[in-house]
Amino acid sequence: MYNSLETNIWTLISSGDQDAYARLYVYYYKRLYNYGRKFTDDPVALEDTLQEALLTVWTGRERLPQVDKPHTYLISTFRYILFKKLRRDHRVVRLTAVEAGEPEFGIDQLLIRRDIESALRQRLEQALKTLTSRQREAIFLRFYEGLSYEEVAAIMGISVKATYKIMSRSLLQLKETLSLPILTILLLLRGLI
Amino acid sequence: MTNGENNGRYEAYGVPDFICDPFFQDWIIHPEGTTAAWWEDWMINHPEKNTAVTEARQLLQAMYFEEHVPSEDAALRSLAAVREKLATTAAPVRRISWWWAAAASLILCAGLGYFITGSRRTQQSYATDYAELRTLYLPDSSKMVLNAHSTVRYAKEWKPGQAREIWLDGEAFFDVRSVAASSFQVHTKDLTVEVLGTAFDIRGRRGKTEVVLQSGKIRISFTAGGHSDLVMAPGDRIVFDPATAALTHTTTTPDKYTSWKDRRLTDATLGEILQYLEDNYHKTFILEDPSMAERHIGGVILLDNLDDALFALSTVLNANLTQHQDTITIRPR
């Protein structure tokens, strides 16, 4: 889906390689857009945020070698700017509505594969709807972006322990729906015997 | 967590343990990696775990996400905009030029060609900062007042017989001179206002576009299909929300909507006043009691100066206003 980047890309950029920056820009533009799009479909907010976040890589290139995990750092910078922007743009809502909540990770963004048997799929989809925005985001970062628990924690601004909790709670919630019918079938069989 | 230390532990695992185990998840996330090889090997030695493992894998693999990966072109256009931003040095120029470059790429993303900027030699553009109002005279000497935090672009020269076109993001008030010569059009992201004679206010903020006509006659056409053209009479107000394609058409007292150009607001609700202050001074307001937003503030609120406006509000509302950086909290006394 994304072309891969060379492993020394950050080093190249920190030494002022403009072509390397261009490659990194295109790569992360796609990847971060996909992530940000889960929270908003406002193209202006997304574009502004992408430019702002990616610009920091170039303007701060001399400090890059000191950044422990530039990949995680960039994703979390992007998220921070986007959330700030979205909160600001939704001020009207806040003035009239009650809550000043966080931007929502869209409920329709996490889906169940079509090739799953339809009765089971329906149950899983039902279960997905009970997940919170943060649960959906954690699953996205872990299973779609392939990040480690430590990275997910850093990006979402929570502890690693909390990340474990969020993740297992979500997965077990899904698992529940999966095992329920199996249990009923067993009981039924026993009853017959 | 490495495979070694987990050896043995996995034999006692059930489906819930597997799905919550990061090392197990890695198998699903990176099906080609060394982790996958390790698990495939482990499975050969633990056939009794086949059912549990299969169920756990199925569950994790059942989920997928809606994908919105932009094209290579979109990414390159954005890069070009950022490069331009980096290349230009003079501060005021930089602000304007990059904004337009960004706008161009954005609108292209949205699939509309009209926003593509022409050469800067033939185009004039202005961007106002927060709290800045700017009166402009267009090439045909029509008057335009650009509200704070808004941007406008138009050709430096308007040739006789050709449409007079303006592209606006934000809010502006127009007083248009003689319409007979050629048509006068104002484009926003979602709609175009064609002037058939007159003074009107366009407000493209927070995703919605609002048009209020003071005098004369204008025609609105929508960028996206779904709504047919609409002719407005004085006192008419329309609000278009592109997110839902909803169009509201009401009548109003135009002065209420155009008085900002004299830096005052007349007979507005607290919500409307705060919205103006937020847009124009770049502040965020928090109402401790959200129902206050509906509160009607009679008379005129001057917008000239933020402190004066806040003082007036605290008196009228009998409320305490506390400011912390850019956030102002309003708490009833």
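Student: Which residues of strand E15 in chain B are on its covered face, and which are on the uncovered one?
Tutor: E15(B), residues 284-287, has Phe285(B) and Leu287(B) on the covered face. Thr284(B) and Ile286(B) are on the uncovered one. Keep in mind that this is a predicted model, where local features need pLDDT of at least 70, side-chain atom pairs count only at pLDDT 80 or more, and totals for chains, interfaces and linings use all residues. As for names, residues are numbered from 1 along each chain as its sequence is written, while chains are lettered from A and ligands numbered from 1 in the order in which they are written.

Student: OK, and what counts as a strand?
Tutor: Strands (E, at least two residues) and helices (H or I, at least four) are DSSP runs, numbered from the N terminus.

Student: Which strands form the open sheet with E15?
Tutor: The order is E15-E18-E17 in chain B, three strands with mixed pairing. Two strands pair if DSSP finds at least two bridges between them. E15(B) and E18(B), residues 327-332, run parallel over four bridges, and Thr284(B) has Thr327(B) as its bridge partner in E18(B). E17(B) and E18(B) are antiparallel over six bridges, with Ala319(B) bridged to Pro332(B).

Student: Which ones are the edge strands?
Tutor: E15 and E17 (319-324) of chain B, since each pairs on one side only. On average, neighbouring strands of this sheet are turned by 20° against each other, direction ignored.

Student: Where does Asn318(B) lie?
Tutor: In the loop between helix H10 (306-317) and E17 of chain B. Most residues other than glycine have a negative phi.

Student: Is Asn318(B) buried or exposed?
Tutor: Asn318(B) is exposed, because 8 other C-beta atoms lie within 10 Å. A residue is buried if 20 or more other C-beta atoms lie within 10 Å of its own, exposed if 12 or fewer, and partly exposed in between, with C-beta atoms placed from the backbone.

Student: Switching to helices. At what angle do H3 and H4 of chain B pack?
Tutor: About 110°, with the axes of H3(B) (residues 22-29) and H4(B) (residues 34-45) 8 Å apart. That's why H3(B) is called roughly perpendicular to H4(B): angles of 65 to 115 degrees get that label, under 35 is roughly parallel, over 145 roughly antiparallel, and the rest oblique. The axes are lines fitted to C-alpha atoms, for helices over the stretch in contact, and angles run from 0 to 180 degrees between N-to-C directions.

Student: Which residues make the contact?
Tutor: Phe23(B), Asp26(B) and Trp27(B) from H3(B), plus Thr35(B), Ala36(B) and Trp39(B) from H4(B). Being in contact means that the C-beta atoms of two residues, placed from the backbone, lie within 7 Å. By class, that's four nonpolar, one polar and one charged. Nonpolar covers Ala, Val, Leu, Ile, Met, Phe, Trp, Tyr, Cys and Pro, charged covers Asp, Glu, Lys and Arg, and the others, Gly among them, are polar.

Student: What about Ala37(B), buried or exposed?
Tutor: Ala37(B) is in helix H4 of chain B. It counts as exposed because it has 11 C-beta neighbours inside 10 Å. Its C-alpha is 8.5 Å from that of Trp27(B), ten residues apart along the chain.

Student: How many residues of chain A are in contact with chain B?
Tutor: 49 residues of chain A, touching 43 of chain B. H3(A) gives the largest share of chain A's side, nine residues. That side has 31 nonpolar, six polar and twelve charged residues.

Student: Which element of chain A has the lowest mean pLDDT?
Tutor: H5(A), at 41, while H8(A), residues 149-156, has the highest, 94. pLDDT is the predictor's confidence in each residue, from 0 to 100. Chain A averages 83, but residues 91-100 are below 50.

Student: Last one: how many helices and strands does each chain have?
Tutor: Chain A has nine helices and one strand, and chain B has ten helices and 18 strands. Buried residues make up 34% of the 193 residues in chain A and 31% of the 333 in chain B.
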